[in-house]
Amino acid sequence: MTRSTQKSFRAAAIQFRSGMDPAGNIAALRKLVTEAVLQDAQYVQTPEMTGALVQNRSKLAEILRREESDPVVAAARELAREKGIYLHIGSTPIALEGGGVANRAFLFAPDGDLIARYNKIHMFDVDLDNGESWRESSTYRAGDRSVVATLPFARLGMAICYDLRFPTLFRDQALAGADVLTVPAAFTRQTGQAHWHILIRARAIENGAFVVAAAQGGKHEDGRETFGHSMIVDPWGRILAEADHDEPGVIVADIDRSASATARGKVPNLANRREFAVELVESRIPAVVS
């Protein structure tokens with residue numbers, strides 16, 4: 001797809017509360033996408049795990065499908081065509097050939113064609129202070145390829161949730177020409193309260209790029225709690241729109257990609273970057289013995 005001279009567009013981020021049943025999530029998706037379209041959104045993004053949020057592996061296995069037969073993928077393709085929008089499904093679990101599961105994002109064109117897919121690279125394997133423990137790598141197979149998609153009005157870098165904590169991913173996308181970075185997410189309540197706003201704004205500022213981050217929010221059917229606070233941030237780090245809560249809903253903002261070039265002109269850190277080595281120097285001061 002070639003890039004046109006269109007400079008601006010209206011983006012929507014859908015805040016979601018996925019359950020364990022794909023059919024119920026598809027119904028909620030249709031409702032909220034329709035709401036975004038009524039607000040003239042041309043690009044609509046949903047959160048990580050739009051299709052199903054399921055911790056239990058046996059329950060996940062019951063709903064898992066290959067991409068070509070997945071009902072969420074089919075519904076999203078048809079919804080993009082019906083509404084005439086660019087629809088970015090932040091991710092949904094997809095069964096892989098030969099076993100394993102991908103945490104996979106999809107970007108559909110207004111004619112329903114698939115523009116790009118992206119498999120989450122960084123697995124959320126952490127132990128939190130409140131006793132929460134997550135081992136995403138025990139279920140999902142990590143991706144190994146960053147994706148930048150060229151749309152008529154922007155060049156879009158694709159990422160998912162925990163990827164947000166790895167700034168070189170976004171830097172490399174910016175160097176490849178991305179002026180809009182995307183972070184569909186399902187941040188836990190604890191990590192979201194501590195870091196969500198800071199990290200989203202930092203990725204925007206350090207790359208001179210817009211960031212669109214649709215989030216899961218609230219208490220989910222499988223027992224987990226997510227932070228919400230979907231955001232759209234400009235290249236100067238200003239919050240253009242935010243869902244200041246964890247309830248389902250839609251936020252929209254107008255994005256003019258020329259603002260990315262302006263920000264990069266003011267602070268040309270991408271152009272000024274230099275390669276360097278890290279030297280580890282050991283202290284020669286003898287240890288104090290008491």
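Q: In what order do the 6 strands of the open sheet lie?

A: Strands of a sheet pair through backbone hydrogen bonds, either parallel or antiparallel. Here the order is 5-4-3-2-1-16, with mixed pairing; strands (E, at least two residues) and helices (H or I, at least four residues) are DSSP runs numbered from the N terminus, and two strands pair if DSSP finds at least two bridges between them. The model is predicted, so local features need pLDDT of at least 70 and side-chain atom pairs count only at pLDDT 80 or more, while totals for chains, interfaces and linings use all residues. Residues are numbered from 1 along each chain as its sequence is written, and side-chain values use heavy atoms, leaving out hydrogens and water.

Q: Which strands stand at the edges?

A: Strand 5 (114-119) and strand 16 (249-256) each have a single partner strand, so one side of each is left without a neighbour in the sheet.

Q: How many bridges pair strand 1 with strand 16?

A: Strand 1 (residues 8-15) pairs with strand 16 over 8 bridges, in the antiparallel sense, and Phe-9 has Ile-255 in strand 16 as its bridge partner.

Q: Which residues of helix 4 meet helix 5?

A: Two packed helices are described by the angle between their axes and the distance between the axes. In helix 4 (residues 167-175), Pro-167, Phe-170, Arg-171 and Ala-174 meet Arg-203, Glu-206 and Asn-207 in helix 5, where contact means heavy atoms within 4.5 Å.

Note on methods:
Axes fitted to C-alpha atoms, helices over the stretch in contact; angles between N-to-C directions.
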